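Please read the numbered points beside the sequence and the model.

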Amino acid sequence: MMENGIYDLLIIGSGPAGMGAAIYAVRAGLKAAVIDRSPVSGGQVLSTYEVDNYLGLPGLSGGDLADRFREHADRLGAAFIAADVKRIERGAGQQIVYTVHTDKSVFQTRTVILATGASHSMLGVPGEKELSGMGVSYCATCDGAFYRNSAVAVVGGGDVAVEDAIFLAGICKKVYLIHRRDQLRAAGSLQKRLLSLENVEVLWNSEVKEIIGKEMVEGIDICDNKSGGRYRLDVEGVFIAVGIVPDTDIFRNLVKVDEKGYVIADETCVTSEKGIFAAGDIRKKAMRQIITAVADGANAVHSAHAFLTAEKL
Ligand code: NDP
């Protein structure tokens with residue numbers, strides 16, 4: 001069903017980038033709405049245990065920070081639509097109008113901000129898919145409580161892996177952090193906290209070759225990269241935090257993306273397609289943080305507003 005009226009701006013995604021865009025769009029006086037398939041706003045922030053680097057709000061849980069974002073947007077009167085965007089088409093006429101098809105309705109808009117964020121990467125080893133949900137998890141804050149007093153492993157060396165290991169150390173008897181190199185990628189302050197925890201052991205230069213278990217995870221086959229030696233580590237849970245992939249599949253025909261699928265756009269968030277802007281983790285950039293995603297949201301609205309004004313739309 002086609003909804004009546006043409007929006008100035010539709011924002012797809014309600015993570016930090018989408019929420020940042022929402023409040024700037026309201027303040028710019030645009031007829032705008034945020035579309036997200038999840039009724040709960042927040043994106044990846046929702047699965048973050050503690051956020052300690054968002055300016056002015058230290059130590060909040062990811063869930064609380066996401067609630068604050070939503071409360072702020074609601075207070076300013078931002079509009080939200082719960083729907084799953086399936087595709088976006090550019091109209092054939094002279095004036096730029098995009099048609100956004102969702103699982104519920106069809107919307108028309110003059111500009112779009114893509115802010116769909118990213119999802120976790122897979123490790124790609126035998127046993128991972130088979131035991132997913134049966135001891136293999138990608139969200140420590142969601143599933144950590146199942147492993148009270150157990151031994152678990154976290155795979156990865158970035159911010160997420162180290163945050164997950166710190167969180168799990170408060171619940172589990174033993175946490176192994178398995179990293180393929182001899183240096184972590186995570187922020188220094190997180191590394192310091194991690195290495196001070198008595199029940200955390202970092203297995204350096206170590207790669208997971210297989211996740212073992214019949215119905216539930218029983219252990220991991222590990223290869224020591226230096227010696228080439230293999231051994232089995234008994235754990236009941238494996239938390240995989242080996243990076244992210246951008247959720248840009250449905251936009252790849254619309255805007256230019258790089259070889260990894262990130263949308264090519266600079267700080268102005270202007271993409272290869274007129275009237276389409278990209279904000280947050282889906283954009284090709286050096287630093288993917290909550291604060292940089294929020295900033296992208298503001299920049300994207302600034303660019304969309306300038307575009308609408310220049311095109312007299
Ligand atoms: P990252 O890309 O930062 O780290 C991924 C880690 O996984 C790296 O240590 C990498 O190893 C390792 N890895 C990748 N592939 C494999 C593999 N096949 N086998 C074994 N290890 C592998 O991803 P994160 O998910 O940690 O973080 C994603 C983004 O979100 C980052 O930009 C991060 O900074 C950001 N973030 C921001 C937060 C905030 O703003 N508060 C909080 C949490 C995350 P190697 O180091 O060898 O490449």
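1. A residue is called buried when its relative accessible area is under 20%, exposed when that area is over 50%, and partly exposed in between. The model discussed here is predicted. Lys86 has a relative accessibility of 46%, so this residue counts as partly exposed.

2. Lys86 forms a salt bridge with Asp84, and the closest N and O atoms are 3.2 Å apart. Is Asp84 buried or exposed? Asp84 counts as buried, because its relative accessibility is 18%.

3. A second salt bridge joins the side chains of Arg90 and Glu273, with an N to O distance of 3.4 Å. Arg90 belongs to strand S4 (residues 85-90), whereas Glu273 sits in the loop between strand S16 (244-246) and strand S17 (276-278); the pair therefore ties together parts that are 183 residues apart in sequence. Arg90 is partly exposed, because its relative accessibility is 40%. Glu273, at 16%, counts as buried.

4. The model also contains an open sheet of five strands, paired in parallel, in the order S8-S15-S9-S10-S11. Which strands form its edges? They are strand S8 (136-137) and strand S11 (200-203), each of which pairs on one side only.

5. Strand S10 (residues 174-178) pairs with S11 in the parallel sense, over four bridges. Within this part of the sheet, Val175 stands opposite Val200 in S11.

6. A salt bridge is also found between the side chains of Lys174 and Glu201, at 2.9 Å from N to O. Lys174 lies in strand S10 and Glu201 in strand S11, so that the pair links distant parts of the chain, 27 residues apart. How exposed are the two partners? Lys174 counts as partly exposed at 22% relative accessibility, and Glu201 is partly exposed with a relative accessible area of 33%.

7. Some salt bridges share partners, and in this way Arg37, Asp84 and Lys86 are joined into one network. How many salt bridges does the model hold? The count comes to 14 salt bridges, among them the Arg90 and Glu273 pair and the Lys174 and Glu201 pair.

Definitions and conventions
Residues numbered from 1 in each chain as written. Predicted model: local features only at pLDDT ≥ 70, side-chain atom pairs only at ≥ 80, totals over all residues. Heavy atoms only, no water. Pairing = 2+ DSSP bridges. Helix = DSSP H or I, 4+ residues; strand = E, 2+ residues; numbered from the N terminus. Salt bridge = Lys/Arg side-chain N within 4 Å of Asp/Glu carboxyl O. Buried < 20%, exposed > 50% of the residue type's maximum accessible area, 1.4 Å probe, protein only.
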